[in-house]
Amino acid sequence: MPPRKKQNKPAKPRPKKQKKSSELDSVLDQVSDSTVADAKKELQNLLADAKGNSATFFQQNAQKLEERLVLVSKGELDQDDFNFFVENQKRAAQIFIDSQPPQAQERAEKLTIHLLDVAATKIVPVLIAAAL
Amino acid sequence: MNSKDTIVRNTFLCAVAFALASCATLTKPESDVSFENLRAFEISFVDQYAVPVKRFDAAAFDAKVAEGNAKFQDAMTNEKFKARRPVLKDLADQFKAEAAHLRKKASTGKITKALAAEMKRDINDNYDHATAKKTE
């Protein structure tokens, strides 16, 4: 008996992959203050770059920061706590940056220390004000 | 150089290499145990004092911090791997910063569950990085 030929079914159109929206994105979407629009955009771009980087340190640093920003928005951490954790992360980041080759250090600093500074100085005060 | 000299030299080099390897083998686990003891102390410190709505006992808190500082000092003095001493110094500074932050928050009744959880997360990450460092 000849083998049955598989019928060629018309391929179902696959739904387009949508960028997964994080919990932080939802939190940031609720911030309508136009004066921090640029900072919000910068934070989101830096977080995306850090999470897409192959080095685990950048990914972990970004993940921690994102989760702590969400905790701030829920009122579970205050500015003082956030600053304390940012200082810890900056200390660890500096050790990591120093271990990188000189040509990679500027970018490493941008994806860690600068990212943390943007979050602490521009985003957290707005999140706290919105949570009040 | 005759063959006898070569044998003597090679034997000497082997003995030195063996001694160095034995030293590393014998002391690294000891050093790791010291790190793990410090980690356990810090975690229990946070468990004890980063508790929401717990009455703050300043004297007991300060005594515990002094005990912690002494443990770090002992660990630094007894650490056989020179490369690990600056790492221990970083961990000791980190403990002091944690204690200062906890004191401020606990004495004003502003401890949250999230603060305790995130503090423990940082402690564990710091010790994981510290113990992963090379010891040469």
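Two residues are in contact if their C-beta atoms, placed from the backbone, lie within 7 Å. Among contacts in chain A between residues at least 6 apart in sequence, 70% join residues at least 24 apart.

This is a predicted model, in which local features need pLDDT of at least 70, side-chain atom pairs count only at pLDDT 80 or more, and totals for chains, interfaces and linings use all residues. Residues are numbered from 1 along each chain as its sequence is written, while chains are lettered from A and ligands numbered from 1 in the order in which they are written.

**Chain A**

Chain A has five helices and zero strands. Helices (H or I, at least four residues) and strands (E, at least two) are DSSP runs, numbered from the N terminus. The pattern along the sequence is α-α-α-α-α. Of the 132 residues in chain A, 29% are buried. A residue is buried if 20 or more other C-beta atoms lie within 10 Å of its own, exposed if 12 or fewer, and partly exposed in between.

**The core**

A nonpolar core is a set of buried Ala, Val, Leu, Ile, Met, Phe, Trp, Tyr and Cys residues joined through C-beta atoms within 7 Å. The largest one has 45 residues, and A:Leu115 and A:Ala119 have the most contacts inside it. Both chains supply elements that give two or more residues to this core, among them helix 5 (102-131) of chain A and helix 1 (3-49) of chain B. Helix 5 of chain A gives the most, with nine residues. Leaving aside neighbours within four places in sequence, A:Ala119 touches A:Leu43, A:Leu65, A:Leu69 and A:Val124.

**Helices 2 and 3 of chain A**

These two helices pack at an angle of about 140°, with axes 7 Å apart. Axes are lines fitted to C-alpha atoms over the stretch in contact, and angles run from 0 to 180 degrees between N-to-C directions. That angle makes helix 2 of chain A oblique to helix 3 of chain A; under 35 degrees is roughly parallel, over 145 roughly antiparallel, 65 to 115 roughly perpendicular and the rest oblique. A:Leu47, A:Ala50 and A:Lys51 in helix 2 meet residues of helix 3 including A:Phe58 and A:Glu66.

**Where chain A touches chain B**

Ten residues of chain A are in contact with eight residues of chain B. Helix 4 of chain A brings the largest share of chain A's side, five residues.

| Contact | Nonpolar | Polar | Charged |
|---|---|---|---|
| Helix 2 with helix 3 of chain A | four residues | two residues | two residues |

How values were computed. Ala, Val, Leu, Ile, Met, Phe, Trp, Tyr, Cys and Pro count as nonpolar, Asp, Glu, Lys and Arg as charged, and the others, Gly among them, as polar.
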